[in-house]
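Take a look at the model below. Then follow the text from one residue to the meeting of two chains.

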Protein chains: 2
Amino acid sequence: MPNRGDRGGARTRARIAEVATALFLERGFDEVTIAEVAAAAGVSKVTVFSHFERKEDLLLDRLPEAIELVRSAVRTRTGGVVDALRQLALTLLDEGHVLSGVGGDVEPLMRTVAESPALIARLRAFGYEMEAELAAELAADTRFSGDAVLAAALVVAAYRTVAVATVRRRLEGEDLAELAESHRERLTQAFDVVERMVSE
Amino acid sequence: MPNRGDRGGARTRARIAEVATALFLERGFDEVTIAEVAAAAGVSKVTVFSHFERKEDLLLDRLPEAIELVRSAVRTRTGGVVDALRQLALTLLDEGHVLSGVGGDVEPLMRTVAESPALIARLRAFGYEMEAELAAELAADTRFSGDAVLAAALVVAAYRTVAVATVRRRLEGEDLAELAESHRERLTQAFDVVERMVSE
DNA sequence: TGAGTAAGCTTACCAGGTAAATGTAACACG
DNA sequence: CGTGTTACATTTACCTGGTAAGCTTACTCA
C-alpha cells in the first residue's frame with residue numbers, strides 16, 4: 001500500500017541516503033552540507049528533510065532497528081531480563097550485525113562517526129531513547145518487579161561502555177578476531193555485574 | 001589580575017547572564033533568541049558569543065562547579081569512591097545547593113529546563129563530561145583498581161536516575177520536605193546498589 | 001472523469017553560530 | 001609623555017541546519 005507510482009518515495013529516500021552516506025564517508029559528516037547532498041541526489045533541500053528528520057539520520061538510519069530488537073528480546077525472554085539482553089548482544093556479535101560494532105565493513109562508518117561531534121551526540125541521544133524504551137517495557141512487565149528506570153539506565157550504561165571501548169580499540173587498528181573475543185568477554189562480564197545489582 | 005578597567009568583561013558577562021536568565025525563565029528558552037538577549041543587555045550578538053560558547057551556557061553556567069566538586073570529593077576521600085560520592089550528594093542536598101536539584105528557589109529554572117529540548121540535551125552532554133572526568137580521575141588513582149570507565153558510567157547513571165526522578169516529582173508539585181527525604185533514601189539506595197557492583 | 005493524495009518543487013525565512021576587520025579604553029613602560 | 005599592547009566590544013557579512021507555505025505533477029480509485 002505504500003509508494004505507488006514509479007517516482008516513488010521509498011526509492012528517492014534510499015537514493016538520498018546512499019548518496020549522503022557516500023559523501024559523508026568520503027569527506028566527513030561535518031564537511032558535507034545538506035545542500036550538497038540534495039544536489040548530488042538530484043533533489044531539493046526540502047525534499048531531503050521530508051524524508052529524514054535530522055541530518056544525522058541520513059547516516060544513522062538503522063538505529064530504530066535496535067530498539068525493536070531489544071523490545072522483542074525482553075518480551076520473548078524465558079529467564080531474566082539482563083540475561084536476555086546479554087544473549088541478544090552476543091547473538092548480534094556472532095552474526096557480525098552492523099549494530100554490534102564489530103561487523104565486517106563498518107570501520108569507515110565508525111571512523112566517520114567518531115570524528116563528528118554531531119553524530120556522537122546523536123548516538124548518545126539514541127542511548128537515551130533506548131533507555132526510555134527499555135524502562136517502559138520493564139515497567140509494564142509483570143514478570144519484572146525491580147526499579148525499571150534504574151535497571152534500564154544501568155544496563156544501557158554498561159553496554160555502552162563496552163561498545164565504546166571496542167569501537168575505540170578497533171579504530172586503533174586492533175585485530176578483528178582478537179577484538180571480537182575480548183568484546184565477548186567484556187560484554188559477559190559487564191552484564192554479570194549488572195545482573196547482580198538488578199533485582200527482578 | 002583579570003578585568004582591569006571599569007568597562008570590565010566580568011561585569012558584562014554577568015549582566016548578559018542575568019538578563020538572559022530572566023528572559024528565559026519568563027518566556028521559555030526556545031522562545032528567546034540570542035539577538036533579543038543581546039539587545040536587552042545592550043550588547044551585540046557577537047559579544048554574547050564571546051562570553052558564552054553556546055546559548056545553553058547562558059542559563060547553565062554553574063555546571064562546571066559540579067565537576068570540581070566531584071573531583072575534589074574523590075581526591076580527598078578516606079574510604080571508597082562510591083561512598084565519597086554518596087556523601088557529596090547528601091551534603092549538597094542538605095545545603096540546598098542549586099546543583100542538588102532540591103534547592104529552595106530553583107523550581108522556575110527546573111521548569112524552564114524541562115520544557116526545552118536544547119537544555120535537556122545540554123544537561124545530558126554534561127553528564128558525559130562528568131562521566132569522562134570521573135573515569136579519568138579513577139584511572140589515575142592508585143587507590144582504585146577496578147574498571148574506571150565502567151564504574152564512572154554506572155555511578156553517573158545511577159545518580160542521574162535519582163536526580164531526574166526527583167525533579168520530575170518536584171515539578172508535579174510534590175511537597176518539598178517530603179521530597180527531600182525520599183530523595184535522600186533513593187540516593188542512598190542507588191549508591192548502595194552501585195557500590196556492590198563496583199569493585200575497587 | 002474527477003477527487004484525493006503522495007511526492008516533489010520553489011521561494012522565503014529564521015536562528016544559532018563563525019569570521020574578519022575595526023574601534024577604543026586602559027594599562028605598561030621606555 | 002607618547003607609544004604600543006591587551007582586552008573588550010562593535011559592525012558587517014556570511015554559512016548552515018531547519019521550517020513554512022503554497023504550487024505542481026502524477027498516480028489511484030471511486
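Is A:E178 buried or exposed? A:E178 is exposed, because 10 other C-beta atoms lie within 10 Å. The cut-offs are these: 20 or more such neighbours within 10 Å make a residue buried, 12 or fewer make a residue exposed, and counts in between mean partly exposed, with C-beta atoms placed from the backbone. This is a predicted model, in which local features need pLDDT of at least 70, side-chain atom pairs count only at pLDDT 80 or more, and totals for chains, interfaces and linings use all residues. Residues are numbered from 1 along each chain as its sequence is written, while chains are lettered from A and ligands numbered from 1 in the order in which they are written.

A:E178 sits in helix 9 of chain A, residues 176-197. Helices are DSSP runs of H or I with at least four residues, numbered from the N terminus. The C-alpha atom of A:E178 is 31 Å from that of A:L23, which is 155 residues away along the chain.

Now turn to the interface. On chain B, 17 residues contact 17 residues of chain A. Contact means C-beta atoms, placed from the backbone, within 7 Å. Helix 7 (117-139), helix 8 (148-171) and helix 9 (176-197) of chain B each give two or more residues to this side. Helix 8 of chain B has the largest share, with nine residues.

How are the copies arranged? Chain B superposes on chain A by a rotation of 180° with 0.0 Å of shift along the axis, at RMSD 0.0 Å. The two copies are therefore related as by a two-fold rotation axis.

Definitions and conventions
Two residues are in contact if their C-beta atoms, placed from the backbone, lie within 7 Å. Copies are superposed by least squares on the C-alpha atoms of residues with pLDDT of at least 70 in both.
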